[in-house]
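Here are my notes on this model, point by point. Please read them with the structure open.

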Amino acid sequence: MLPLLAGASLIYGAGMLENGMVMNAGQLYADADAISMLRFAQRGLPVNDETLALDVIREVGIQGEYLSTMHTFQNFKTEQSNPTFMNRDNRADWLAKGGQSMHGVCMKKAVEFLATEPKEIISSEIQEKVNAVISKAEAEWE
């Protein structure tokens, strides 16, 4: 987390277990979820008259609550991270929905993804050129 908050653009080790000797597709999804929340934190929060909401603070006062204000309603969905796999339900709701662990949810997603047909993202012409380069390099190493 600290390298990311310091501005690093590469996060190493997503999905890795056993000191990088093992990859786990479910762990990769879980790590991607955590990384998305860290990236949200990395972007920072805007500080301006609208986000400071000093007028709302004055109106509500020191002993009031802010959850029911229109300002909170207008901003709460964009000013918090929104993980895909981490469950934020209370325990009773989580149990009512099956009580599946985050790892279980991520493994299910990984299995679904791995079962889909891969998309062609490189044209056959480019793929042939890449294969030629690889074949040439392999021949030189023999």
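1. Which side chains meet in a salt bridge at 3.7 Å, N to O? They are glutamate 125 and lysine 129. A salt bridge here is a side-chain nitrogen of Lys or Arg within 4 Å of a carboxyl oxygen of Asp or Glu. Glutamate 125 and lysine 129 are separated by about one helical turn, because they lie four residues apart in helix H8 (residues 124-141). Helices (H or I, at least four residues) and strands (E, at least two) are DSSP runs, numbered from the N terminus.

2. This is a predicted model, in which local features need pLDDT of at least 70, side-chain atom pairs count only at pLDDT 80 or more, and totals for chains, interfaces and linings use all residues. Residues are numbered from 1 along each chain as its sequence is written, and side-chain values use heavy atoms, with hydrogens and water left out.

3. The structure holds two salt bridges. Aspartate 89 pairs with lysine 97 in one of them, with the closest N and O atoms 2.7 Å apart. Aspartate 89 is partly exposed at 31% relative accessibility. Lysine 97 is exposed at 63%. The cut-offs: buried is under 20% relative accessible area, exposed is over 50%, partly exposed is in between (1.4 Å probe, protein chains only).

4. The largest pocket holds about 210 Å³ of space. Its lining includes Leu45, Pro46, Tyr66, His71 and Glu79. H3 (49-52), H4 (54-60) and H5 (70-75) each supply at least two lining residues. H5 gives the largest share, three residues. By class, the lining has seven nonpolar, four polar and one charged residues.

5. On pocket terms: a pocket is an open set of points on a 1 Å grid over the protein atoms alone, with protein on both sides within 12 Å along at least five of seven lines; lining residues have an atom within 4 Å of a point.

6. Val47, Leu52, Leu54, Ile57 and Tyr66 form a nonpolar surface patch with about 440 Å² of accessible area together. Patch members have over 30% relative accessible area and no salt bridge, and nonpolar side chains are joined within 5 Å. Areas come from the Shrake-Rupley method with a 1.4 Å probe. Valine 47 sits in the loop between H2 (25-43) and H3, and is exposed at 65%.

7. Check two positive phi values. Glutamate 18 has phi near 55°; it lies in the loop between strands E1 (16-17) and E2 (22-23), exposed at 60%. Alanine 53 has phi near 50°. Alanine 53 is in the loop between H3 and H4, and is buried at 5%.

Note on methods: Patch = residues over 30% accessible without salt bridge, like charges linked within 9 Å, V, L, I, M, F, W, Y side chains within 5 Å. 1 Å grid on protein atoms, 1.4 Å probe; cavity = no way out; pocket = protein on both sides within 12 Å on 5 of 7 lines; lining within 4 Å. Points joined across faces, edges and corners; volume = space filled by probe spheres on them. Nonpolar A, V, L, I, M, F, W, Y, C, P; charged D, E, K, R; others polar.
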